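This report covers a helical arrangement, its packing and its loops. The sequence and model come first, and the details follow.

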Amino acid sequence: MTDSAPPPEDGAAETVEVLDELFATIESRKRELPEGSYTASLFAHEKGQNAVLEKIGEETTETILAAKDDDADELVYESADLVYHLLVLLSMHDVELEELRSELRDRF
């Protein structure tokens, strides 16, 4: 995962805004498909959604193994990859981040 949102002017993203910034970057890459962007390549890939689903499966397995091995650093790292690829999948299906937030709120 090499794409990242541009840093805020003060150089430090607020934790609360990280998912919004990441999702906005994903949406931008989907629209613009810039050359050399990993995210854009997921949208332009000939296998399309299947490529992302394979990545989600891979990242899920790596997250599980990190948890099993009680490796907190690796668990965080792999979880970030998993969340990223899940956000790409949501974007592929034109699901907005607010829809996910709303669903999570409703579960409380």
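## Helix α4

α4 has 21 residues. From its first C-alpha to its last it reaches 30 Å, close to the 30 Å expected at 1.5 Å a residue. The expected span of a helix is 1.5 Å times one less than its number of residues. Helices are DSSP runs (H or I, at least four residues), as strands are (E, at least two), and both are numbered from the N terminus.

The buried residues of α4 are Glu78, Asp81, Tyr84, His85, Leu87, Val88, Leu89, Leu90 and Ser91. Buried means under 20% relative accessible area, exposed means over 50%, and partly exposed lies in between (1.4 Å probe, protein chains only). These buried residues of α4 pack against α1, α2 (38-44), α3 and α5 (97-107).

## Basis of the model

This is a predicted model, in which local features need pLDDT of at least 70 and side-chain atom pairs count only at pLDDT 80 or more, while totals for chains, interfaces and linings use all residues. Residues are numbered from 1 along each chain as its sequence is written, and side-chain values use heavy atoms, with hydrogens and water left out.

## Overall make-up

The protein has five helices and zero strands. Along the sequence the pattern reads α-α-α-α-α. Of its 108 residues, 29% are buried.

Contact means heavy atoms within 4.5 Å. Take the contacts between residues at least 6 apart in sequence: 61% of them join residues at least 24 apart.

## The α3–α4 pair

How do α3 and α4 pack? Helix α3 (residues 49-68) and helix α4 (residues 72-92) meet at an angle of about 155 degrees, and their axes are 8 Å apart. Axes are lines fitted to C-alpha atoms, for helices over the stretch in contact, and angles run from 0 to 180 degrees between N-to-C directions. α3 and α4 are therefore roughly antiparallel to each other. Angles over 145 degrees count as roughly antiparallel, under 35 as roughly parallel, 65 to 115 as roughly perpendicular and the rest as oblique.

On the α3 side, the contact includes Val52, Leu53, Ile56 and Ala66. On the α4 side, the residues include Leu75, Leu82, Leu86 and Met92. The residues of this contact divide into 11 nonpolar, five polar and six charged. Ala, Val, Leu, Ile, Met, Phe, Trp, Tyr, Cys and Pro count as nonpolar, Asp, Glu, Lys and Arg as charged, and the others, Gly among them, as polar.

## Helix α1 and Ile26

α1 has 15 residues, which should span 21 Å at 1.5 Å a residue. Its end C-alpha atoms are 21 Å apart, which agrees. Leu22, Phe23, Thr25, Ile26, Glu27, Ser28 and Arg29 are its buried residues. Their cover includes α2, α4 and α5.

Ile26 is found in helix α1 (residues 18-32). Ile26 is buried, with a relative accessible area of 0%. Leaving aside neighbours within four places in sequence, Ile26 is in contact with Thr39, Phe43, Tyr84, Leu87, Val88 and Ser91. Phe43 is 17 residues from Ile26 along the chain, and their C-alpha atoms are separated by 9.6 Å.

## Positive phi in the loops

Just after α1, Leu33 takes a positive phi of about 45 degrees. Asp70 lies in the loop between α3 and α4. Phi of Asp70 is near 55 degrees, a positive value in a residue other than glycine. Asp70 counts as exposed, at 69% relative accessibility.

Asp94 lies in the loop between α4 and α5. Asp94 has a positive phi of about 55 degrees although it is not a glycine. Asp94 is exposed, with a relative accessible area of 57%.
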